[in-house]
Amino acid sequence: MIRIGQGYDVHKLATGRKLILCGVPVPHPTGLLGHSDADVAVHALMDAILGALALGDIGQWFPDSDPAWKDADSMKLLRAVMADPRVSEWEIGNLDLTIIAQKPKLLPFNLEMRTNLARALDLPLDRISVKATTTEKLGFEGREEGIAASCVVLLEKQA
Ligand code: MG
């Protein structure tokens, strides 16, 4: 049995915040604003996994009204999602994640981001795609007001 899911997320850029993408701190004058560490890429990935299994969304799993998730490490939230018995009976066939940001250039961090996800998900690197694109300076991403991420994931039921 296979399932497909997609996730999308946006966070606003602000000064005085760290920019964390796929758990990797990326040097940049601004970072993403949010209740957790605002790792927009990992949020899109978690929503794709939850979406594939019709298990709601991360807002339901980790409400931003709950102080427990204040400044939470999104990689830890990802591990918590994967450890849930409703999720752990499925294996990720592959995932394809796109980060939409005008700046900074993310290619220098690509392998580290993929490696980080591979470790958290216990998957080989060739099942994990992380891509980055700009919007040619159009829209909120282009104006560097925020960063968006979109993710598609294929899940296969474990034998
Ligand atoms: Mg989010």
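Which residues in α1 are buried? They are V40, A41, V42, H43, A44, L45, M46, D47, A48, I49, L50 and A52, where buried means under 20% relative accessible area with a 1.4 Å probe and protein chains only. This is a predicted model, in which local features need pLDDT of at least 70, side-chain atom pairs count only at pLDDT 80 or more, and totals for chains, interfaces and linings use all residues. Residues are numbered from 1 along each chain as its sequence is written, and side-chain values use heavy atoms, with hydrogens and water left out.

**Helix α1**
- Helices are DSSP runs of H or I with at least four residues, and strands are runs of E with at least two, numbered from the N terminus.
- Because 12 of the 13 residues of α1 are buried, the helix is largely enclosed by the rest of the structure.
- Just after α1, A54 adopts a positive phi of about 50 degrees.

**Magnesium site**
- D9 (OD), H11 (NE2) and H43 (ND1) coordinate the magnesium ion at 2.0 to 2.3 Å; donors are N, O and S atoms within 2.8 Å of the metal (3.2 Å for Na, K and Ca), and sites may look incomplete, as water is not among the atoms.
- H11 lies in strand β1 (residues 2-15) and H43 in helix α1, so this pair ties together parts 32 residues apart in sequence.
- H11 and H43 are both buried.

**Nonpolar core**
- I49, L78 and L117 touch the most other members of the largest nonpolar core, which has 50 residues; such a core is a set of buried Ala, Val, Leu, Ile, Met, Phe, Trp, Tyr and Cys residues joined through side-chain atoms within 4.5 Å.
- The largest share of this core, 10 residues, comes from α1.
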